[in-house]
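Subject: Structure handover

Hello,

Here is the structure I promised you. Please open it and keep it in view while you read my notes below.

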Amino acid sequence: MSTEQNKAIMRRFNEASVVNDRETLETLLAPDFVIHQADGPGNREAYLQHLSYYAAAFSDATFAVDEQIAEGDRVVTRGTFSATHTGDFQGMPASGKRFVIDAILFDRIVDGQIVEHRSQFDTLSMLQQLGVVPPPQPAR
């Protein structure tokens, strides 16, 4: 597949992920899909469960692609994720607050399906915007 086709697959993946569109995700994720997470690698089902957890905690989710770079079977996407905290998240009750954070995703695509996924979301900024973590204080 061309790099432009791979980038289009990643845009579909991002759109489907933020609305937890399992049907689309199941067509985009290879059966041997691997997600690399902080707690170790996970499989396709682990990723889908992860999305369900976030969908229950955050509504109005959007992911805007700010930049994509592709080479061979790899696509890097830099984007902006936003959502409203409307459900329990890691023991925190819904705050009703909206947040906007940066994210970067690294993916590998084979035969039109995503086989490997890594992502980094600015979770610290999200927690600061939700009021869980105080913002940085100015230097004295």
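Start with the aromatic residues. Tyr53, Tyr54, Phe58, Phe81, Phe89, Phe99 and Phe121 form one aromatic cluster. Keep in mind that this is a predicted model. Across the whole structure, a search finds 10 aromatic pairs.

Two of those pairs deserve a look.

Take phenylalanine 13 and tyrosine 47. Their ring centres are 5.6 Å apart and their planes meet at 25 degrees, so this pair is stacked. The cut-off matters here: planes under 30 degrees apart count as stacked. Where do the two residues of this pair sit in the chain? Phenylalanine 13 is in helix α1 (residues 3-18), and tyrosine 47 is in helix α3 (residues 44-57). Phenylalanine 13 and tyrosine 47 are both buried.

Now find phenylalanine 81 and phenylalanine 99. This aromatic pair is tilted, with 5.9 Å from centre to centre and 50 degrees between the planes. Phenylalanine 81 belongs to strand β4 (residues 74-85) and phenylalanine 99 to strand β5 (residues 98-110), so the pair ties together parts that lie 18 residues apart in sequence. Buried or exposed? Both phenylalanine 81 and phenylalanine 99 are buried.

Stay in strand β4 for threonine 77. Its relative accessible area is 0%, so threonine 77 is buried. Buried means under 20%. Which side chain makes a polar contact with the side chain of threonine 77? That is glutamine 68, at 3.2 Å. Leaving out residues up to four places away in sequence, threonine 77 touches a list of others, including Met10, Asn14, Phe63, Ala103 and Leu105.

Next, step back to the whole chain. It has four helices and six strands. From the N terminus, the order of elements is α-α-β-β-α-β-β-β-β-α. The C-alpha trace spans about 50 × 35 × 25 Å along its principal axes. For 140 residues, a compact globule would have a radius of gyration near 14 Å; the chain has 16 Å, which agrees.

How much of the chain is buried? Buried residues make up 36% of the 140. The accessible surface comes to about 7900 Å², and 52% of that belongs to carbon and sulfur atoms. Contacts also reach along the sequence. Among those between residues at least 6 apart, 54% join residues at least 24 apart.

Best wishes

Methods:
Residues numbered from 1 in each chain as written. Predicted model: local features only at pLDDT ≥ 70, side-chain atom pairs only at ≥ 80, totals over all residues. Heavy atoms only, no water. Phe/Tyr/Trp six-rings, centres within 6.5 Å; stacked < 30°, edge-to-face > 60°. Buried < 20%, exposed > 50% of the residue type's maximum accessible area, 1.4 Å probe, protein only. Polar contact = N/O pair within 3.5 Å; in protein donor to acceptor, adjacent residues only side chain to side chain. Contact = heavy atoms within 4.5 Å. Rg over C-alpha atoms; globule rule 2.2 N^0.38 Å. Areas by Shrake-Rupley, 256 points an atom, 1.4 Å probe, with all protein chains shown as cover.
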